[in-house]
Amino acid sequence: MKITMGQIIFEQILVGSYKNFTYLVADPESKEAVIFDPAYDLPKLLRRLDADSLRLTYIVNTHSHHDHIEGNSFLQKTTGAKIVASNISQAKMDIGVQDGNEIDVGGRVKLKFLLTPGHSPDSMCIIVNDFALITGDTLFIGECGRVDLPGGDASELFDSFEKIRKLNPKLVVYPGHDYGRSRSTTLGEQLRDNYTLARRTREEFVKFMYEPQDVEPGL
Ligand SMILES: [Zn+2]
């Protein structure tokens, strides 16, 4: 899916059997590109880069679960891109970011990193050009990431959601999996409609997150 976003390339690409989303963001003038969460369909991603003569500068991982990083080493070997992840990530990386850090890609693409632990300790969300909010497995459309995998922590996710609530509601949420009724909506719509973002105290939220759910989003 191609999204028109001013002067940059922004594509949401459905990959693999877990309904993962990989994202391609690029500056069409300098040809510098960044890929978020490469794991599957890597030849297709390389062909996509080649089609516009794009040069992969960075690989960004929203967190280090295997279905978000499995393509790192192949893509790095093939393109020489640097791997960017949370500074506490245990996975192989070149640049560890802290909360609020920014990276420019080719002059027109600006990434701002927000550390949002909860689904995993090294989870983060990335704001792209004050337009898109790439949320990984922290927030899905109509759902949120599970906290019962190793390193998951509902109380940390509560704090991460408090951070996300303060962002511009016009940001468009682009999640790490296609688990929702649509592939993206504004943050404002999620704050209104996503039952996991309903107002709760920390205690209520922690209890809510560990209650058995009808549908358990995977990974
Ligand atoms: Zn995950």
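Colleague: Does glutamate 143 count as buried or exposed, and how many C-beta neighbours has it inside 10 Å?

Modeller: Glutamate 143 counts as buried, with 21 C-beta neighbours inside 10 Å. The cut-offs: buried takes 20 or more other C-beta atoms within 10 Å, exposed takes 12 or fewer, partly exposed is in between, and C-beta atoms are placed from the backbone. Glutamate 143 lies in strand S13 (residues 143–144).

Colleague: Before we go on, what sort of model is this?

Modeller: This is a predicted model: local features need pLDDT of at least 70, side-chain atom pairs count only at pLDDT 80 or more, and totals for chains, interfaces and linings use all residues. Residues are numbered from 1 along each chain as its sequence is written.

Colleague: How many helices and strands does the protein have?

Modeller: Six helices and 15 strands. Those are DSSP runs numbered from the N terminus: helices are H or I with at least four residues, strands are E with at least two.

Colleague: What share of the residues is buried?

Modeller: Buried residues make up 44% of the 219.

Colleague: Which residues touch the most other members of the largest nonpolar core?

Modeller: Val25, Ala33, Val34, Ile35 and Ile134, out of 58 residues in that core. A nonpolar core here is a set of buried Ala, Val, Leu, Ile, Met, Phe, Trp, Tyr and Cys residues joined through C-beta atoms within 7 Å.

Colleague: What does valine 34 touch?

Modeller: Val25, Thr57, Tyr58, Val60, Val105 and Val109, not counting residues up to four places away in sequence. Contact means C-beta atoms, placed from the backbone, within 7 Å.

Colleague: How many residues of strand S4 are buried?

Modeller: Five of its five, so S4 (residues 32–36) is mostly covered. Glu32, Val34 and Phe36 point one way, Ala33 and Ile35 the other. In a regular strand the side chains alternate between the two faces of the sheet.

Colleague: Which way does S4 run against strands S3 and S5?

Modeller: S3 (residues 20–26) and S4 run antiparallel, joined by four bridges. S4 and S5 run parallel, with five bridges. Two strands pair if DSSP finds at least two bridges between them. Leucine 24 stands opposite isoleucine 35, and phenylalanine 36 stands opposite valine 60 in S5. The S3 and S4 hairpin has five residues between the strands, and there lysine 31 takes a positive phi near 75 degrees.

Colleague: What pairs with S6?

Modeller: S5 (residues 55–60) joins S6 over three bridges, parallel. S6 also runs parallel to S7 (residues 95–97), again with three bridges. Tyrosine 58 has lysine 82 in S6 as its bridge partner. Four of the five residues of S6 (residues 82–86) are buried, so S6 is largely enclosed by the rest of the structure.

Colleague: New topic. What is the strand order in the open sheet of six strands?

Modeller: S8-S9-S10-S11-S14-S15, with mixed pairing. S8 (102–105) and S15 (185–186) stand at the edges with a single partner strand each, so one side of each is left without a neighbour in the sheet. S8 pairs antiparallel with S9 (residues 109–115) over four bridges.

Colleague: Which residues of H4 are buried?

Modeller: Leu157, Phe158, Ser160, Phe161 and Ile164. They cover an arc of only 165 degrees around the axis, which puts them on the same side of H4. The arc is that of the directions from the helix axis to the C-beta atoms. Their cover includes strand S10 (124–128), strand S12 (139–140) and helix H6 (202–210).

Colleague: Last one. Is lysine 170 buried or exposed?

Modeller: Lysine 170 is exposed, with 11 other C-beta atoms within 10 Å. Lysine 170 lies in the loop between H4 (154–165) and strand S14 (172–175). Leaving aside neighbours within four places in sequence, lysine 170 is in contact with Thr186 and Gly188.

Definitions and conventions
Contact = placed C-beta atoms within 7 Å.
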